[in-house]
Amino acid sequence: MKTKNFARAGALAVISCAALATLTSQDPAFAAATAAVPARFASCDNQDPGGNTDAQTVRTATAGSASVELRYSPSAQCGWGRVFGKLGTSVWVDRSTDGGATWQGKLGEATITSGTDAHTPEFDDHGVLVRACADDHNGNIHCTGWY
């Protein structure tokens with residue numbers, strides 16, 4: 001099981017917030033756009049997780065007729081969502097820097113367009129939490145636990 005370093009993440013968040021406050025006072029539109037995906041998450045965000053040979057499923061959930069997994073690569077420190085279900089079922093990743101109280105949502109949303117599964121791109125989760133969520137389009141949305 002991976003260990004999260006929340007003290008370090010908290011210090012980075014304070015530094016990031018101070019930098020963002022400076023940007024906000026200079027250009028509010030730029031600051032709002034960059035706040036959605038902090039620059040520190042650039043290492044693996046939106047990359048194809050196919051090259052992670054140490055991938056493992058760390059959390060699972062069910063959304064109606066769909067099954068959703070949170071996949072994780074210890075070497076890359078990145079997570080992504082994978083869903084199994086019928087055509088039209090979607091999966092995405094949420095990422096939280098404050099223990100799940102708030103989060104960036106619907107990162108990398110992917111939909112099953114052929115076959116029975118789909119996966120999102122991967123997202124950096126070093127020092128933060130991620131979860132995978134699925135929507136089977138029958139009113140059933142469910143998320144895995146945070147990891």
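**Exercise 1. Is E69 buried or exposed, and what is its relative accessible area?**

Solution. The structure is a predicted model, in which local features need pLDDT of at least 70 and side-chain atom pairs count only at pLDDT 80 or more, whereas totals for chains, interfaces and linings use all residues. Residues are numbered from 1 along each chain as its sequence is written, and side-chain values use heavy atoms, with hydrogens and water left out.

Step 1: the classes are set by relative accessible area, where buried means under 20%, exposed means over 50% and partly exposed lies in between, with a 1.4 Å probe and protein chains only. Step 2: E69 has a relative accessible area of 13%, so this residue is buried. Step 3: its salt-bridge partner is R82, with the closest N and O atoms 2.6 Å apart; a salt bridge here is a side-chain nitrogen of Lys or Arg within 4 Å of a carboxyl oxygen of Asp or Glu. Step 4: the pair links distant parts of the chain, since R82 lies in strand β3 (residues 78–84) and E69 in strand β2, 13 residues apart. Step 5: R82, at 23% relative accessibility, counts as partly exposed.

**Exercise 2. In what order do the 4 strands of the open sheet stand, and what is their pairing?**

Solution. Step 1: helices (H or I, at least four residues) and strands (E, at least two) are DSSP runs numbered from the N terminus, and two strands pair if DSSP finds at least two bridges between them. Step 2: by this count the chain has 2 helices and 9 strands, which follow the pattern α-α-β-β-β-β-β-β-β-β-β along the sequence. Step 3: the order in the open sheet is β5-β4-β8-β9, with antiparallel pairing. Step 4: β5 (104–111) and β9 (141–143) are at the edges with a single partner strand each, so one side of each has no neighbour in the sheet. Step 5: β4 and β8 are joined by 7 bridges, and in β8 the bridge partner of S90 is D135. Step 6: β8 (residues 129–135) pairs with β9 over 3 bridges; C133 stands opposite C143 in β9, and A134 has H142 as its bridge partner there. Step 7: the hairpin of β8 and β9 has 5 residues between the strands, and H137 in this hairpin takes a positive phi near 60 degrees.

**Exercise 3. Which residues point each way from β8, and are they buried or exposed?**

Solution. Step 1: L129, R131, C133 and D135 point one way from β8, while V130, A132 and A134 point the other way. Step 3: for the chain as a whole, 38% of the 147 residues count as buried.

**Exercise 4. Which residues have the most contacts inside the largest nonpolar core?**

Solution. Step 1: a nonpolar core is a set of buried Ala, Val, Leu, Ile, Met, Phe, Trp, Tyr and Cys residues joined through side-chain atoms within 4.5 Å. Step 2: the largest one has 19 residues, and those with the most contacts inside it are V68, L70 and V83. Step 3: the elements that give two or more residues to this core are β1 (56–63), β2 (66–73), β4 (90–96), β5 and β8, and β2 gives the most, with 4 residues. Step 4: with contact meaning heavy atoms within 4.5 Å, and leaving aside neighbours within four places in sequence, V83 is in contact with residues including V68, V91, I112 and A134.
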